[in-house]
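Here is a short note for a colleague who is opening this structure for the first time. Please read the points with the model on screen.

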Amino acid sequence: MLHLTSQSRIQLALAPVDFRKQIDGLVALCHNELKQQPRDGSLFVFINRSKTMIKVLYYDENGYWLAVKRLSRGRFQSWPNRQEQLTSIRAHELQKILQGLLASKDK
């Protein structure tokens, strides 16, 4: 589990991402499309098109971490749907998403 604090900087990429992308592809996405520096200490959170998986990209002092959460059933229903490409959220909001508390119980 990720260690999140109230000081954690969390960036949510709102558009679904092709999850064939791994670390290098997500780093390039941060640079080229989101115009962000993935080494700035922020956590970058991505969702797949079917809204069943989330990936979190994070850089510490000497390398990248990539965490994946896949729901065993249901979908994340409360993922923000806005015009922007990126939005900031608080740690407690990400914790709720990662715990699946915002997921539907439908199969």
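Predicted model: local features only at pLDDT ≥ 70, side-chain atom pairs only at ≥ 80, totals over all residues.

1. An α-helix has 3.6 residues a turn, so residues three or four places apart point the same way.

2. Helix H2 spans residues 91–98, and its buried residues are Ala91, Leu94, Ile97 and Leu98. They cover an arc of only 120 degrees around the axis, which puts them on the same side of H2. The buried residues of H2 pack against S1, S2 and S3, and also against strand S4 (63–70) and strand S5 (86–89).

3. Step back to the whole chain. The secondary structure comes to two helices and five strands. Read from the N terminus, the order is β-α-β-β-β-β-α. The radius of gyration is 13 Å, close to the 13 Å that the globule rule gives for 107 residues, so the chain is as compact as a globular protein of that length. Along the principal axes, the C-alpha atoms fill a box of roughly 40 × 25 × 25 Å.

4. Two percentages describe the chain further. Of its 107 residues, 42% are buried. Take the contacts between residues at least 6 apart in sequence: 63% of these join residues at least 24 apart.

5. Val17 gives an example from a loop. This residue lies between strand S1 (10–13) and helix H1 (23–32). Is Val17 buried or exposed? Its relative accessible area is 9%, and the cut-off for buried is under 20%, so Val17 counts as buried. Beyond its neighbours within four places in sequence, Val17 is in contact with Leu26 and Leu29, and also with Phe46, Ile47, Asn48 and Arg49. Val17 and Ile47 are 30 residues apart along the chain, yet 6.0 Å separates their C-alpha atoms.

6. Thr52 sits in another loop, the one between strand S2 (43–47) and strand S3 (53–60). The side chain of Thr52 makes a polar contact with the side chain of Ser50, at 3.0 Å. Leaving aside neighbours within four places in sequence, the contacts of Thr52 are Lys69, Arg70, Leu71, Gly74, Arg75 and Phe76.

7. How many aromatic pairs does a search of the whole structure find? The search finds one. The pair is Tyr59 and Tyr64; their ring centres are 4.8 Å apart and their planes stand at 65 degrees, so the pair is edge-to-face. Tyr59 is buried, with a relative accessible area of 15%. Tyr64 is partly exposed, and its value is 24%.

8. One more ring deserves a look. Lys55 lies over the face of Phe19, at 5.0 Å from the ring centre.

Conventions
Residues numbered from 1 in each chain as written. Heavy atoms only, no water. Helix = DSSP H or I, 4+ residues; strand = E, 2+ residues; numbered from the N terminus. Polar contact = N/O pair within 3.5 Å; in protein donor to acceptor, adjacent residues only side chain to side chain. Contact = heavy atoms within 4.5 Å. Buried < 20%, exposed > 50% of the residue type's maximum accessible area, 1.4 Å probe, protein only. Phe/Tyr/Trp six-rings, centres within 6.5 Å; stacked < 30°, edge-to-face > 60°. Lys NZ or Arg CZ within 6 Å of the ring centre and 35° of its normal. Arc of directions from axis to C-beta. Rg over C-alpha atoms; globule rule 2.2 N^0.38 Å.
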